[in-house]
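This briefing sets out selected features of the structure shown below. Topics are grouped so that each may be consulted separately.

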Amino acid sequence: MEVIYTGVRQTPEQVVETAIQEDVDVIGVSILSGAHITLMKRLMENLRAKGVHDIPVFLGGTIPLPDISEIEGMGIDRVFLPGTSLQEIVKYVYDAALNKRKKKHE
Amino acid sequence: MFNEEALEELEDKIRKWEKSTVVKSLERFRERMEKFTTLSGITIKNVYTPLDVRDIDYFDKLGLPGEYPFTRGIHATMYRGRLWTMRMFSGYGSPEDTNKRLKYLIAHGETGLSLAFDYPTLIGLDADDPQACGEVGVCGVSVSSLKDMEIIYNGIDMSSITTNMTINPPAPVLLSMYVATAEKQGVTYERIGGTTQNDPLKEFIAQKSYVFPPEPAVKISMDVIEWSIKNLPLWNPISISGYHIREAGATAVQELAFTIADGIEYVRQLILRGLNVDEFAHRLSFFFDAHINFFEEIAKFRAARRMWAKIMKEWFNAEKERSLWLRFHTQTAGVSLTAQQPFNNIVRTTIEALAAVLGGTQSLHTNSLDEPFRVPSEFGAKIALRTQQIIAYETGVADVVDPLAGSYYIEWLTDEIEEQAWKYIDRIEKMGGMLEAVKKGYPQREVTEASYRFQKEVEERKKFIVGVNIYVEGGEEEIRNVPLLDINQEEIERRQVERLRKLRMERNNEAVQSALNKLSKAASRNENIMPYVLDAVKSYATLGEIMNVLKEVYGIWVEPPIY
């Protein structure tokens with residue numbers, strides 16, 4: 001697996017641009033500031049506007065439970081909450097990437 | 001402190017005890033762990049005795065409270081005279097929201113203020129900057145101009161209370177706003193008291209809210225210190241912070257060593273400017289984390305005081321006694337709190353706060369139970385404040401100075417932590433000091449590795465967190481029962497943006513432009529920028545406008561990959 005880490009303080013637009021440029025299988029975002037709803041909405045809108053529908057997006061952070069349904073409604077594939085093990089996240093990424101590649105070849 | 005004969009007898013007795021009493025005990029109960037370690041990975045024995053502290057010379061290593069090397073506290077009577085300052089880190093939403101919260105906390109017995117700014121403010125962006133969208137007012141209060149600061153302090157007497165401002169690259173701007181607001185209240189420079197965090201090195205190591213590259217970042221920070229020393233006699237212009245380093249996953253030893261090494265770098269920088277060490281040393285302050293491994297934290301605080309006093313005396317030849325004091329603020333460990341079973345966080349914070357008090361802190365913030373999710377609700381903040389008041393007024397722990405001194409374990413651990421911290425400091429000295437070490441990414445890598453190690457230990461159940469990897473409950477009911485602060489982020493952002501729009505229309509834009517031009521020239525000439533920033537702030541130039549001028553002159557920092 002190759003990981004492209006963009007570093008801190010990326011705008012949603014920058015994340016989308018990097019993802020397209022690097023032809024990634026999965027996009028993962030970590031947000032701890034509490035701005036997850038606004039920023040993820042912008043990220044998903046930007047992604048769709050660029051015609052990308054097949055890259056699964058997942059989110060990790062301290063997301064209050066009442067916000068989760070709204071986030072999932074945006075088309076985000078998975079939300080990882082505090083306490084998730086590294087293995088669980090790695091397994092998710094592995095499966096999601098594999099799944100995306102399979103679909104591509106169908 | 002012990003006679004040799006008694007120690008030999010004890011040695012003999014321990015040998016026998018290990019072969020008989022301990023063996024018998026182990027036959028009945030195996031120990032819970034193969035190896036016991038502190039949170040920082042220091043291996044600990046089953047019991048400590050005078051043998052473990054036989055080499056500790058009381059006068060050399062401990063002394064009396066209020067005397068060198070200050071291991072037992074910087075004041076002779078500590079909390080018997082004055083309790084620590086109960087200083088709750090607070091701020092959210094609009095300046096009006098925060099004004100209300102500060103008044104609420106003062107009404108409930110808070111004795112010092114501490115402002116939390118939102119992320120745009122922390123990195124010097126105005127509320128109407130496109131990059132600020134969605135972040136305005138979320139993790140602290142939104143401040144874009146002097147106008148906002150005036151609202152925060154509306155009805156709060158700035159001559160009778162001190163404020164800590166957690167602000168780093170924009171420290172010159174926020175300090176200027178504070179000073180200008182106090183001036184408008186009629187408070188003279190001699191009576192303006194408080195702290196600017198203003199610690200750039202730890203931003204590169206851990207906190208990552210940097211703006212400028214390391215060298216200009218340090219230069220600007222030193223400007224603030226130099227100006228404050230000469231103009232604000234009661235101001236602590238820097239709070240050399242281990243807190244963020246620890247929260248990023250460092251061990252207690254790394255937190256201590258890197259913070260002290262940062263302090264050494266700043267002292268050298270100020271001396272290079274031609275200042276005398278005794279002119280500024282008494283205004284340097286520190287900020288540490290109080291984590292959950294109780295004794296380790298107490299030992300860390302004691303070791304910190306001893307190390308700093310020695311460095312100031314022996315390395316920098318400070319002569320005034322106050323120059324040797326390590327004065328510090330403590331915050332309980334945000335990173336030890338859990339989203340799972342959040343009411344348990346009250347207990348964690350209590351234990352951590354107790355460690356800070358037993359360690360001799362000068363001021364304390366206690367985290368609220370709801371902080372894994374959001375900035376605290378009024379309810380959460382009040383319980384956290386009451387926690388300090390219970391420790392202060394009910395438990396009796398504040399009635400004796402340094403009550404744990406003389407505990408074989410505490411003294412051994414204080415020594416051990418100090419020794420390990422010196423090893424780090426030696427390594428950093430060999431690299432040419434902390435500024436150079438940071439440029440090489442050395443402390444960044446050390447912290448990242450420690451953080452990864454700890455996470456692995458938790459997942460392998462070598463370290464336990466209740467509700468996370470032991471006594472786990474599946475349900476979410478408890479989480480839903482925590483009352484969270486309700487903020488209408490979009491509305492706050494809309495109002496802050498609107499306020500800025502009006503400000504830009506109503507202010508004297510020629511005066512603003514002229515102040516910004518003068519600032520730009522002064523920065524290019526490498527002058528101390530503080531007087532120019534203060535003038536710009538008074539003309540109602542915004543935070544973002546001032547920071548943009550400085551970014552043009554000094555450049556911005558893009559972090560290179562650590563690995």
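**Structural briefing**

His329(B) has Ser363(B), in β9(B), as its bridge partner. The structure is a predicted model, in which local features need pLDDT of at least 70, side-chain atom pairs count only at pLDDT 80 or more, and totals for chains, interfaces and linings use all residues. Residues are numbered from 1 along each chain as its sequence is written, chains are lettered from A and ligands numbered from 1 in the order in which they are written, and side-chain values use heavy atoms, with hydrogens and water left out. Helices (H or I, at least four residues) and strands (E, at least two) are DSSP runs, numbered from the N terminus.

**Sheet**

- Strand β8 (residues 328-332) of chain B pairs with strand β9 (residues 363-365) of chain B in the parallel sense, over three bridges; two strands pair if DSSP finds at least two bridges between them.
- The open sheet is formed by nine strands of chain B with parallel pairing, in the order β5-β4-β3-β2-β1-β9-β8-β7-β6.
- Because β5 (235-236) and β6 (238-241) of chain B each have a single partner strand, they stand at the edges, and one side of each is left without a neighbour in the sheet.

**Salt bridges**

- Over all chains, the whole structure holds 45 salt bridges, a salt bridge being a side-chain nitrogen of Lys or Arg within 4 Å of a carboxyl oxygen of Asp or Glu.
- Asp223(B) and Arg273(B) form one such bridge, at 2.8 Å from N to O.
- This pair links distant parts of the chain, 50 residues apart: Asp223(B) belongs to helix α8 (residues 214-231) of chain B, and Arg273(B) to the loop between α10 (252-272) and α11 (277-280) of chain B.
- Asp223(B) is buried at 1% relative accessible area, whereas Arg273(B) is partly exposed at 28%; buried means under 20% relative accessible area, exposed over 50%, and partly exposed in between (1.4 Å probe, protein chains only).
- Arg246(B) and Glu297(B) also form a salt bridge, with their closest N and O atoms 3.1 Å apart.
- Arg246(B) lies in helix α9 (residues 243-247) and Glu297(B) in helix α12 (residues 294-315), both of chain B, so the pair ties together parts that are 51 residues apart in sequence.
- Glu297(B) forms a salt bridge with Lys300(B) as well, at 2.7 Å from N to O; these two residues lie three residues apart in helix α12 of chain B, about one turn of the helix.
- Glu297(B) is buried, with a relative accessible area of 0%, and Lys300(B) is likewise buried at 0%.

**Nonpolar cores**

- The largest nonpolar core has 147 residues, and Leu174(B) and Ile546(B) have the most contacts inside it; a nonpolar core is a set of buried Ala, Val, Leu, Ile, Met, Phe, Trp, Tyr and Cys residues joined through side-chain atoms within 4.5 Å.
- The element that gives the most to this core is α10(B), with 10 residues.
- Beyond its neighbours within four places in sequence, Ile546(B) is in contact (heavy atoms within 4.5 Å) with residues including Val173(B), Leu516(B) and Val533(B).
- A second, separate core of 28 residues includes Leu59(A), Ile63(A), Met74(A) and Ala339(B).

**Ser539(B)**

- Ser539(B) is located in the loop between α21 (530-538) and α22 (543-554) of chain B, and is buried at 14% relative accessibility.
- The side chain of Ser539(B) reaches the backbone oxygen of Ala536(B) at 2.7 Å.
- Leaving aside neighbours within four places in sequence, the contacts of Ser539(B) are Arg507(B), Ala511(B), Val512(B) and Ala515(B).

How values were computed: A polar contact is a pair of N or O atoms within 3.5 Å; within protein, one must be able to donate a hydrogen and the other to accept it, and residues adjacent in sequence count only if both atoms are side-chain atoms.
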